[in-house]
Amino acid sequence: MKVYKPEWQCTFSVNEGAEESANWKERIAWRLREFADRLEGGGRTIKIDCSVSPQVSRDEVDTCLGKGFEVTQRLLTQLAQQQACEDVMRHAKAELYEEQHQH
């Protein structure tokens, strides 16, 4: 009886700048991305490298990335809400946040 063993591999990396080992083409590409970020203002460029074996379709990869960014947005929204509540509390009940001075 033959035993079948499924094999797969997935590498995923997100970069926000050129790595020290980057070649000249990668360094120029990152300089252009940084320049574009400054021109547009307020943005943040990231580069996603993804390799999946066996191969999956570009649409499937895009769907996964989209869902990941949806989760990121929900988490950031939750953090913003928590920070807003803390800001209100710091304003309304400042005495709760004052450091106790030891005598």
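Ile-46 lies in the loop between α1 and β2, where helices (H or I, at least four residues) and strands (E, at least two) are DSSP runs, numbered from the N terminus. The model is a predicted one, in which local features need pLDDT of at least 70, side-chain atom pairs count only at pLDDT 80 or more, and totals for chains, interfaces and linings use all residues. Residues are numbered from 1 along each chain as its sequence is written, and side-chain values use heavy atoms, with hydrogens and water left out.

**Ile-46 and its surroundings**

- Ile-46 is partly exposed, its relative accessible area being 34%; buried means under 20% relative accessible area, exposed over 50%, and partly exposed in between (1.4 Å probe, protein chains only).
- Leaving aside residues up to four places away in sequence, Ile-46 touches Val-14, Asn-15, Glu-16, Trp-30 and Phe-69; contact means heavy atoms within 4.5 Å.
- Ile-46 and Trp-30 are 16 residues apart along the chain, and 9.6 Å separates their C-alpha atoms.
- Together with Phe-12, Val-14 and Phe-69, Ile-46 forms a nonpolar patch on the surface, with about 360 Å² of accessible area together.
- Patches are made of residues with over 30% relative accessible area and no salt bridge, like charges being joined within 9 Å and nonpolar side chains (Val, Leu, Ile, Met, Phe, Trp, Tyr) within 5 Å.
- Accessible areas come from the Shrake-Rupley method with a 1.4 Å probe, and for residues only the protein chains shown count as cover.

**Asn-15**

- Asn-15 has its place in strand β1 and is buried, with a relative accessible area of 16%.
- The residues that Asn-15 touches are Trp-30, Thr-45, Ile-46, Lys-47 and Asp-49, when residues up to four places away in sequence are not counted.

**Salt bridges**

- The structure holds 4 salt bridges, each being a side-chain nitrogen of Lys or Arg within 4 Å of a carboxyl oxygen of Asp or Glu.
- One of them joins Glu-16 and Arg-44, whose closest N and O atoms are 2.5 Å apart.
- Glu-16 lies in the loop between β1 (9-15) and α1 (24-40), and Arg-44 in the loop between α1 and β2 (47-53), so this pair ties together parts that are 28 residues apart in sequence.
- Arg-44 counts as exposed, at 66% relative accessibility.
- Lys-47 and Asp-49 meet through their side chains in a salt bridge of 3.1 Å, N to O.
- Asp-49 is partly exposed at 32% relative accessibility, and Lys-47 is partly exposed with a relative accessible area of 28%.
- Glu-86 forms a salt bridge with Arg-90, with 3.0 Å between the closest N and O atoms.
- Glu-86 and Arg-90 are 4 residues apart in helix α2 (residues 58-92), so about one helical turn separates them.
- Both are partly exposed: Glu-86 has a relative accessible area of 29% and Arg-90 one of 39%.

**A charge over a ring**

- The charged end of Arg-33 sits over the ring of Trp-30, at 4.5 Å from its centre; this requires NZ of Lys or CZ of Arg within 6 Å of the ring centre and within 35 degrees of the ring normal.

**Peptide bond geometry**

- The peptide bond from Ser-53 to Pro-54 is cis, its omega being near 0°.
- Pro-54 lies in the loop between β2 and α2.
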